[in-house]
Amino acid sequence: MTALGELLVRRIAATGPITLADYMAECLLHPEHGYYSTRDPFGQAGDFTTAPEISQMFGELLGLCLAQYWLDLGSPPMVLAELGPGRGTLMADILRATRQVPGFHAAANVVLMEASPTLRTVQRKTLGTHPVTWIDRIEDLPQGPLFLVANEFFDALPIRQFRREPSGWSETMVGLKDGALSLGRAASTPFASLEHRLADTKPGDIVETCPTAAPIMDYIGNRIAEQGGGALIIDYGDWGSLGDTFQALQDHEFADPLAAPGRADLTAHVDFQALALAAGKLEHKFANQGAVLERLGITHRATALAQRLKGPARESHIAAHRRLTHPSEMGSLFKVLALYRPGTPPPPGLS
Ligand code: SAH
């Protein structure tokens, strides 16, 4: 058992079982023992690899998409924000790809929302001397039109999980069995916030909610509706949540989420419908990552880059293109949700 595991066992023994959301929040962001607070989890040596770490093409194409959208909206001074930037690779690729777009860098106030001090240090290194500010909370974003991107951010936010019972819902809890962490269920009760799921579920079905996502999306929705801009949210998940998607990843393998608190990454699939509903003042488009990258021209870019490469570097570049776009890899599991102001066109690649 990890040090954090021991703390959690003591806490649960003293005050009773905790929700999955409390468990995830402790495991990911505990200041001393949390997964993101203590390490850089990305890449081959880490626990998982994200799209920007797979290929520079991901960030380049999203950068050109944002820049074209900024031009479409009249090139205003703006806030270019990223939520949960990891190593900072996506923002670095966005900035490199948009260097040739006249006025874009001068117009962009780059802001990163990052909870982990360890990863803030990595982001500073990746972004070199480019001026950047970090914020803790979405409400701290500076004013102005907002061009926002978030890749694999929402899947890291804590979820609550419920099973539908003949009357009400019973919540999945982390409790103790023989002194060890163990999943159990709270007594079934009605939940007003799950009323709308009675129509599309039956007893025995599992649904998940992400309590911290809604206020973030509500804020983004109001901001873009009032001041303009757009948001691109990329993650794995679906339209609506159904089934148990709570999972742990360690060394690129699925692991038992209770086995090593603070050492494994914990995630859940993103419910994009809930995100779009919470940003209710905005229009949205929703599409597979593979389709969006194709429409933004990934094949053209991949071919151009391949011409400069040989041998193993060329092989791995071709594999990366496939990994980002192919339906059997990330192409259809990962989705893009674009949010934009009513009365304006959607961002390129999402019409
Ligand atoms: N976008 C990156 C990293 C994804 S991992 C990539 O694609 O490679 C999730 C990121 O979100 C990490 O940087 C993590 O530290 C950050 N994060 C998780 N919860 C957060 C929160 N509540 N507030 C701000 N950042 C958070």
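A polar contact is a pair of N or O atoms within 3.5 Å; within protein, one must be able to donate a hydrogen and the other to accept it, and residues adjacent in sequence count only if both atoms are side-chain atoms. This is a predicted model, where local features need pLDDT of at least 70, side-chain atom pairs count only at pLDDT 80 or more, and totals for chains, interfaces and linings use all residues. Numbering starts from 1 along each chain as its sequence is written, and side-chain values use heavy atoms, without hydrogens or water.

View 1. Glycine 84 places a backbone N or O atom 2.7 Å from a ligand nitrogen atom. For glycine 86, a backbone N or O atom is 3.0 Å from a ligand oxygen atom. Threonine 50 uses its side chain: an N or O atom there lies 2.5 Å from an oxygen atom of the ligand. The protein covers 93% of the 570 Å² of accessible area (Shrake-Rupley method, 1.4 Å probe) that the ligand has on its own.

**View 2. The shell around the ligand.** The ligand has 18 residues around it (one heavy atom within 4 Å); Thr50, Gly84, Gly86, Glu114 and Asn151 come nearest. By class, 10 are nonpolar, five polar and three charged. Gly counts as polar here.

View 3. The strands (DSSP E runs of at least two residues) are ordered 12-11-13, with antiparallel pairing (at least two DSSP bridges). From one strand to the next, the twist averages 40 degrees.

**View 4. Strands 11 and 12.** Strand 11 (residues 247-250) pairs with strand 12 in the antiparallel sense over three bridges. Opposite glutamine 250 stands glutamate 253 of strand 12.

Terms used. Helix = DSSP H or I, 4+ residues; strand = E, 2+ residues; numbered from the N terminus. Axes fitted to C-alpha atoms, helices over the stretch in contact; angles between N-to-C directions.
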